[in-house]
Amino acid sequence: MKKAEKPAPKIIIETMLATGMTQAEAAEQIAAQTDPLRTASWILVLIDGLYSRLTDLNYPIDNQAADLKHLIRQLTAAR
């Protein structure tokens with residue numbers, strides 16, 4: 001019997017984000033018209049980009065963290 005393959009960590013995180021977004025939509029905390037899986041995917045793109053910058057010692061991470069929060073709020077805001 002072939003052992004089932006595990007999903008990639010990115011898929012697990014994306015699914016967890018999408019589940020949380022679905023719950024937030026149900027609680028009317030974020031826009032109901034957003035696609036949870038697609039928005040979760042874009043949030044991960046933003047986080048991946050910020051994470052890759054952490055190796056640059058000259059990158060002002062403190063300033064950028066606030067911008068990341070703002071972008072995520074914009075992605076999930078009611079339109």
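Reader: What should I know about the model before reading it?

Author: It is predicted, so local features need pLDDT of at least 70 and side-chain atom pairs count only at pLDDT 80 or more, while totals for chains, interfaces and linings use all residues. Residues are numbered from 1 along each chain as its sequence is written, and side-chain values use heavy atoms, with hydrogens and water left out.

Reader: How many helices and strands does the chain have?

Author: Helices (H or I, at least four residues) and strands (E, at least two) are DSSP runs, numbered from the N terminus. Here there are three helices and zero strands, in the order α-α-α along the sequence.

Reader: What is the radius of gyration of the chain?

Author: That radius is taken over C-alpha atoms, and the globule rule is 2.2 Å times the number of residues to the power 0.38. The chain has 15 Å, whereas a compact globule of 79 residues would be near 12 Å. Along the principal axes, its C-alpha atoms fill a box of roughly 50 × 35 × 15 Å.

Reader: Is Thr 39 buried or exposed?

Author: Buried means under 20% relative accessible area, exposed over 50%, and partly exposed in between (1.4 Å probe, protein chains only). Thr 39 has a relative accessible area of 8%, so it is buried. Across the chain, buried residues make up 22% of the 79 residues.

Reader: Where is Thr 39 found, and which residues is it in contact with?

Author: Thr 39 belongs to helix α2 (residues 36-53). Contact means heavy atoms within 4.5 Å. Leaving aside neighbours within four places in sequence, Thr 39 touches Met 21, Thr 34, Leu 75 and Thr 76.
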